Amino acid sequence: MIPALANPDRFMAFSRWAAPLLGALAVLLLAAGLVLDFTAPPDDRQGYAVHIMFIHVPAAWMSLFVYACLGGASFFSLVFRHALARAAARAAAPLGAGVTAAALITGSLWGKPTWGAWWVWGDPRLTSVLVLFLLYTAYMALDAAIEDEARAAPATAILALVGLINLPIVHYSVVWWRSLHQGPSVLRAGGPSLPPVYLTPLLIMGLAYLTGFGALWLVRIRGEVWRRRAAVMAMRAAA
Amino acid sequence: MSFDFDAGKYAPYVWGAYAVSALILGGLVADTLARARRWRRAARPDASTETAP
């Protein structure tokens, strides 16, 4: 499927119906997730603060997933010099920065009532996610700073690929080092430790964020394809 | 099944987190649609070169 979509015309035909479909699915899943979220009982230990989990955890999952997409697209852009892969990488960066910012801010708002602190410098999970956010912003800043596309594509791709090393650090930071942040409770050996009354809405919200990202990513890649076409048209008109 | 929107003493944190998430996600949706619309218009065959930012 991916080789077929590498053709820009085929990609545009596919994304024309796939993007609104994913967007509609995201809205339905978000509505279902929020219904289950606000009908779930307060947690024994965290009380009503548990509501924050349903928006913080999916944002944190997506911050890693989007970076993996950015890294994968950057690999294809660097190795095969594929224009659509470069467009996909460029389109993923602002979405990743957005969800990572959401994860950091909602995490801080969850940390204050549960840990008694908005932020703990030196905590491995918090610090590695902040580094992830800085990687996204560095990618966008580097991309904006280099006007020549032939130089911007490999430079940004190399930065994105180097940053991939941060993904296992974020995921395993709570296992490898002492952290205030709780350990994995869904993606862990032995299965999820959350009761179904919290696990079900959390997974539905995770799917809502995933399909929402899919829709926005496709639309942004379409925008990149149009941007390139507009640039070619402008060059031809100027020649 | 009944809704419970009470957040007790955690209300500022819970509603603050939902407001921030709504702002960021809503902003991403608006920015994505605006950019796509702008570039689609610029890439139309009848678009003049001046319309491309």
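## Exercises on a predicted two-chain model

A:R81 sits in the loop between helix 3 and helix 4 of chain A, where helices are DSSP runs of H or I with at least four residues, numbered from the N terminus. Welcome to a predicted model, in which local features need pLDDT of at least 70, side-chain atom pairs count only at pLDDT 80 or more, and totals for chains, interfaces and linings use all residues. Residues are numbered from 1 along each chain as its sequence is written, chains are lettered from A and ligands numbered from 1 in the order written, and side-chain values use heavy atoms, leaving out hydrogens and water.

**Exercise 1.** Work out whether A:R81 is buried or exposed, and look at its phi.

*Solution.* Start with the cut-offs: buried is under 20% relative accessible area, exposed over 50%, and partly exposed in between (1.4 Å probe, protein chains only). A:R81 has 71% relative accessibility, so it counts as exposed. Next, the backbone: phi of A:R81 is positive, about 50°, although the residue is not a glycine.

**Exercise 2.** Find which residues touch the most other members of the largest nonpolar core.

*Solution.* Such a core is a set of buried Ala, Val, Leu, Ile, Met, Phe, Trp, Tyr and Cys residues joined through side-chain atoms within 4.5 Å. The largest one has 70 residues, and A:M53, A:Y67, A:L70, A:W217 and A:I221 touch the most other members. Now see who contributes: helices 2, 3, 4, 5 and 8 of chain A and helix 1 of chain B each supply at least two residues. Helix 4 of chain A gives the most, with 15 residues. Finally, zoom in on A:M53: leaving out residues up to four places away in sequence, A:M53 touches A:P58, A:W110, A:L194, A:Y198 and A:L202.

Key. Contact = heavy atoms within 4.5 Å.
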